[in-house]
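Subject: Structure for you to look at

Dear colleague,

Here is the structure I said I would pass on. My notes follow below it.

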Amino acid sequence: MSAGARAGGWLARHLRATPTLLRVGFASMVAYRAEMVVWILTASLPLVMLALWNAAAADGPVSGFGQAEFARYFTATLVVRQLTGAWVVWELNHQVRTGALSPQLLRPVHPLAQNLAETAAAVPFRLVVLAPILALLLAWRPDIAWLPSPTQALLGLLSVVLAFLLSWLVQAIFGMLAFWLEQSLGLFSLWFAAYAVLGGYFLPVALLPGPVREAAAWLPFQATLATPVEVLLGLRDDPVHAVLVQLLWVVLALGTCAGMWRRGLVRYGAVGA
Amino acid sequence: MPEAPLPAMRRGPARWISVLAALGRVALMNAAAYRASFVVDVLVGAVASVGVVLPLLFVYEHAGSVAGWTLHQALLVTAFFLVLQGLVGLLVEPNLGAVVEGVRSGSLDYLVLKPVDAQLVASLQRVAPAKAWDVLAGLVVGAWALAHLPPPTWQGALLALGLLLAGLAAIYGVWVLVICTSFWFVRVDNLRFLLTAALDAGRWPVGVYRGWVRLLLTVVVPVALVTSFPAMALLGTARPGTVLHALVVAGGLLWASRLTWRGALRHYTSASS
């Protein structure tokens, strides 16, 4: 069998398995619903940040952001952060350390593909939990509501999907570091800190001091959060360019991910698991 | 565990001191057993502390005063927040997390059988020394802020210390209340993450929040008692009503936590029986 045919067979098998994987993922979400709700609610930092910026803008707009703009920005941040949430870095760390990965490797489905399907299956659940929070925010400040133009909506959706993939890939990459380091959650925390400041989580990127903002434009952090938020809200002059940059980061991360998996598995086997 | 002199042999205050000393020794030995992860924890803690201060600096780049607080006044609140976060991470979280695990696995039996107060031991059996970093960072930020403010009076400093202690007692009370739910609903590990997320809101001056959110932060999860109130005492803006409020809330929560802990222990049937 040629390599091409083998890859084709691999892809076809995974495509066939996808609906089942999604169903299983959703079922496990429902089984652990209470835990899921709590996890979702812990990502409340955008609201804490909103309170600060809201007070800062009480006497007038801050660099073009009024109170309504801040409310809209951090609401969108809260939603996009939820939709792009993953937990593969914790999962891989646990599975590599305890050896729980071994039985998974025997299955015909790639362990990471299964995790990706579970992560995707959690999205509708996250939306349900978010709904009451969004309703409260809307009651507090009705001018949050906005209707994106069809182009904004379409590009925004694409941007959210790319951000979802990139966030998951980054977590997978950090998770796979566990093949070499035993424990990579600390390193991931460092990534998260940079993401919070440079990726638009703590504040709109436009409000970063000049040199920091320029440096941030060359880093992958915005592509996981700020880009979809800004495209959805129509804050970008160049939405198509922004989405293409995201695509570039996804391709890069996918390549890194594939390479690391191949080499990491060799390491994993060598440990004698 | 090494043989420690039996605390039950002594009476009165000497007994309590020897219990505390024994607990401290064992807790430190537990923490030192994982050195590599200790180093990573310290590093991550350093970055995280910077992450707490950074948004504040960005906000004051654009605004001279937020909710009536200047940068250095707000930094004082953040300093108290870092101290709180450090103490919670150092003492509260590891211990009460262990209680939840003990209820689930039944290992709480060993704790309840000891001839000392179970709540005392359950609250002090472990420490996570790496989290002490936050306390240190809090002291540094506090010194920095105070250097730019008129020096506080000694009455103000004393009042700040008193309010800080009352606030810490209140937070401890809330934490015990949350943990006690694990005696009825076994899987509540996540609830403590939710509590941590709620405490996050205490990093800004309480004036930033309005309406029921402020009520929440001063009564239900009274993090403002630990962060904003002592800062107000240092700045000389605390009123008698502030002090009374802090004492009532702290006393009420401590009392409720003691009652609930007793009730929960009566309800505890051990997982093994």
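In which hand does helix 3 of chain B pass helix 10 of chain B? The crossing is right-handed, where right-handed means that the near helix is turned clockwise from the far one by less than a right angle, and left-handed that it is turned anticlockwise.

Before the rest, some conventions. This is a predicted model, in which local features need pLDDT of at least 70 and side-chain atom pairs count only at pLDDT 80 or more, while totals for chains, interfaces and linings use all residues. Residues are numbered from 1 along each chain as its sequence is written, chains are lettered from A and ligands numbered from 1 in the order in which they are written, and side-chain values use heavy atoms, with hydrogens and water left out.

Chain B overall

Chain B has 11 helices and zero strands; helices (H or I, at least four residues) and strands (E, at least two) are DSSP runs numbered from the N terminus. Of its 273 residues, 47% are buried, buried meaning under 20% relative accessible area, exposed over 50% and partly exposed in between, with a 1.4 Å probe and protein chains only. Chain B exposes about 13,300 Å², 71% of it supplied by carbon and sulfur atoms (Shrake-Rupley method, 1.4 Å probe). Among the contacts in chain B with a separation of 6 or more, 79% are between residues 24 or more positions apart; contact means heavy atoms within 4.5 Å.

Two helix pairs

The axes of helix 3 (residues 71-105) and helix 10 (residues 223-235) of chain B come within 8 Å and cross at roughly 135°. Helix 3 of chain B is therefore oblique to helix 10 of chain B. Axes are lines fitted to C-alpha atoms, for helices over the stretch in contact, and angles run from 0 to 180 degrees between N-to-C directions. Angles under 35 degrees count as roughly parallel, over 145 as roughly antiparallel, 65 to 115 as roughly perpendicular and the rest as oblique. Residues making this contact include B:Phe80 and B:Phe81 of helix 3 of chain B and B:Pro230 and B:Leu234 of helix 10 of chain B. The residues of the contact of helix 3 with helix 10 of chain B are 11 nonpolar, three polar and no charged (Ala, Val, Leu, Ile, Met, Phe, Trp, Tyr, Cys and Pro are nonpolar, Asp, Glu, Lys and Arg charged, and the others, Gly among them, polar).

The axes of helix 7 (residues 154-180) and helix 11 (residues 240-267) of chain B also come within 8 Å, crossing at roughly 30°. Helix 7 and helix 11 of chain B are therefore roughly parallel, and their crossing is left-handed. Among the residues that meet are B:Tyr172 and B:Gly173 in helix 7 of chain B and B:Ser257 and B:Trp261 in helix 11 of chain B. This contact of helix 7 with helix 11 of chain B has 18 nonpolar residues, three polar and no charged.

Single residues

B:Thr218 lies in helix 9 (residues 211-220) of chain B and is buried, at 9% relative accessibility. Beyond its neighbours within four places in sequence, B:Thr218 is in contact with residues including B:Phe229 and B:His245.

Most residues other than glycine have a negative phi. A:Ser63 has a positive phi, near 45°, and lies in the loop between helix 3 (45-56) and helix 4 (67-83) of chain A. B:Ala67 also has a positive phi, of about 50°, in the loop between helix 2 (35-62) and helix 3 of chain B. A:Ser63 is partly exposed at 49%, and B:Ala67 is partly exposed at 34%.

Regards
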